[in-house]
Structures are given as C-alpha cells and as structure tokens.
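Try each one yourself before reading the solution.

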Amino acid sequence: MVWGVIKRVFVRPGYLGLASLTAVLTLSVLLLLPNNALVADILVSSSVTLTAKLSFVFSLYGSLGTNFTVFSATYTVMIAILLGVNVSLLWYYAARARKLSKADRSLTFTGIGGFVSGMFGIGCAACGTILFAGLLNLLGITWLLAYLPLHGAEFGVVGVALLALTLYSFAKRINDPLLCKID
Amino acid sequence: MQETQQTARSMTAAAPIWKDLLIPGSIMIAGLAIGLGLYFSGGPAPTQMAAAPAPAAQPQEVDRTDQVAPVTESDYRKGPANAAVTIIEYSDFDCPFCSRFHDSMNDIVEATDDVAWVYRHFPLEQLHPQAEGVAIAAECVGELAGADAFWSFADGYFAARGAGDGTAHNVLVPQLATAAGVSSAALEECVVSGRTQSLVQEDMDNAIATGGRGTPWSILVGPTGKTYPINGALPAASIEQLIQIAKDEA
C-alpha cells in the first residue's frame, strides 16, 4: 500500500523534486551545521576563489564517512530521505483534502517530533558536536548520556521510527477515498 | 440534495490549507530556532565537560579561536616549528572520531613539509570515563621518554582503538608505554603522583575557552595568524583544501 502510494505521488516530477530538495537540504544542514562558522568564513572571503569555495563545501559531505559511525550515518540519511518523502506526501494529501483534520495535524506534529528527535541523535553520535550536548546541559541532565546504551543515538532511532510512522499514516490517508462522513 | 448543498458549502467555507499548516509550521520553525539558538549560544560548556570550569556565557558567533594557547616547546608537535600552517588538535583518546582524524593528520604531515600538527588533550569524561587517565599516562610517557615516545604511545593507542581493539585500559596503556620505552613501574609512579594532570587540565581549559564543544576540536592557524575552527573529524580532503585556502589567504 505504502509503495503504491509513493509510486502514485512521485510519478509527478513536482513531488519528486520537492522530496529530493527537502532531503538534500536536510542532509546538508546536518552535515554542515557543525562547521557553520568555518563555512561562512570561507564563503564570504574575497581572497578565496569560487572554485575553491565550492570544492571545500562539497568536500565536507565526505564527513558522513569520517564524522559518523556506520549506524549513525545510516539513520542520518534515512531521516533526510524520510523527511523529504513525508513533506511531499503531506503536500499531496493537503492539496487533495483542502483542509486538515485534527488527526492530520497530530500526524504532522509526530513527523516534526521525529525530525527533531533525529537531530538530537545525530548531534550526540558525533561526540557532542551538534545540538544534543547543549540541550542536555541546559536541562541539567548531562548525566543521562552516560546511562544511554547508545550514548544518544537512541534519539536518531526514535526519529526514524516516528518519520516512518507518519509516512505510513499519510500513505494510508492518501489511499483512502475522500468521503464526506455523516456525523 | 439539501445535504449535498450543505457539504459543498462547508467545503467552500473551509479555511485555506495554509492555515491548517500554520500551527505545525510555526512549531517546526520554533523548534528549529530553539535548536539553532542552543547551538549558536555556545550553550553551556560541552556536555561532557561538566566537571570543567565553564567559561562565562559567550555567544558562539563570537569566534574565540584566537584565545588558543600559543604553541610552545612543551607541546607535542609533528612537522616543522616554522611551518606555514599549524593545526592544533584537542583530542580524546577514546573518541572513535579522533582516531580517524589522527590517521588523517598523520597522512597530511607526512605528505607535506609546511604543516605542523600539535596534539592537545580534551578527554570527554562523561562519554569516555577512562580517557582522562589515558591522557595523563600519555603525558607521563612524554615526560619520561620524550616526544617520540609520546607520539609512539598516541599513534599506537589510536591504531589499536581504531582497529576495534577492546583491550582493557589497564593492560593496553602499560603495554604501549613499555613499547615506547617507559617501564610499567615508572609509568605507575608518574601517574600516581598526579604531576601531569595539570597539563591535561590546561589543555581542556583551553579547548573550552576557544569554543570546543566536542572532539576532535581543532584550530588551524594560517601563515598570517588567522585562525579557522574545525569541528569534528573532517575528511582529509577537506583539511587539505583548508590548508591551501589558509595559504592563499595569506
């Protein structure tokens, strides 16, 4: 059912493009964020050629292989792809339904929760280089890290699970015929 | 018929779809803003550094890499002292990403003669409870047998951990120290005395003061003294390009 819906939606180039763009942007943010200051400094520098700037930025995508474990790289890519597919399915569904029900909105929140949870997992997996460290410290629960068996990668797994759940639910809603229910 | 008209009317009167997306969209933007705010605020000191003195709240946007402690003869360095570019790394012996970065840096300094690499300590206590002890032992090896012994110990430790060697710390550390020319008894005397602990602490304090939030945390110092922050284990290709950019900017 899910695969059928995905094929039906993504046969339209617009939705495929939206999903791809969202996934690439998400992955870019997750990979470049730890070095945003460095990237910004180089991009605005007048003494660095455009070729050198682009070459450096693209080389940073290689950090998926050096700054992540195989496990964390896998769920990072999955989060980016799932988020892209979710956004496209939501757009497709919203265009058909014209109005989101309360349940639809809850589903959207779940997807957002999945993405946010995924970001925390990604941060922690790379020895605290992104968001997770700051948040835990802010909440005064830094000790939690030591007790999590995967040192925070759990959040990435939860993120993937939540995004997969919302994808399934959106696909199910898209698959259901639009009916005016009698209250 | 009447029901159909009512349904049609209610669908026509339905709020535009963007209004339905307004709340979840706002929450998403707010969530991202909070997350980015936490990140850019410099957050509190690194999570793993709870025991270390946290610097006064300083925004992350303010580049603090110029507060890097000058490289001195007491630093462990590979590459020439007068190299055009110096990369100062703050590292954790038990961090797997540091192990990868260590390999990349070894390759880079071997391939070129105008890059120096300085190794400093930034053990993340809460993630790697034994890392500070290894750093203290590494400093002892350096004190007792010199810089080459320090590098022999560090290279051996990262090679073992990078290869997935799970030998217990209390076995691997004396083993590598002995291979580097320091007897187990001398190592133990030095570690127990605690005299190298302050050196490790100084490095940790400087890592935090310069904006380090995780490991490996590095600062590239270009020919003009300009500093470039490097967060995490960047690929060797990125480091090489950054070295070239630093030279071009001089």
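**Exercise 1.** Work out whether B:Cys140 and B:Cys190 are buried or exposed, and describe the bond between them.

*Solution.* Start with burial: B:Cys140 is buried, and B:Cys190 is too (buried means under 20% relative accessible area, exposed over 50%, partly exposed in between, with a 1.4 Å probe and protein chains only). Next, the bond: B:Cys140 and B:Cys190 form a disulfide, S to S 2.0 Å (a pair of cysteine sulfur atoms within 2.5 Å). The torsion about their S-S bond is about -85°, so this disulfide is left-handed. It ties together distant parts of the chain: B:Cys140 sits in helix α4 (residues 131-145) of chain B and B:Cys190 in helix α7 (residues 184-193) of chain B, 50 residues apart. Helices here are DSSP runs of H or I, at least four residues, and strands are runs of E, at least two, numbered from the N terminus. Finally, searching the whole structure over all chains turns up one disulfide.

A word on ground rules: this is a predicted model, where local features need pLDDT of at least 70 and side-chain atom pairs count only at pLDDT 80 or more, while totals for chains, interfaces and linings use all residues. Residues are numbered from 1 along each chain as its sequence is written, chains are lettered from A and ligands numbered from 1 in the order written, and side-chain values use heavy atoms, leaving out hydrogens and water.

**Exercise 2.** Find the residues with the most contacts inside the largest nonpolar core.

*Solution.* (A nonpolar core is a set of buried Ala, Val, Leu, Ile, Met, Phe, Trp, Tyr and Cys residues joined through side-chain atoms within 4.5 Å.) Helix α5 (residues 147-162) of chain B gives the most to it, eight residues. A second, separate core has 23 residues, including A:Leu89 and A:Tyr92.

**Exercise 3.** How many helices and strands does chain A have?

*Solution.* Count them: 10 helices and zero strands. Then look at burial: of the 183 residues in chain A, 52% are buried.
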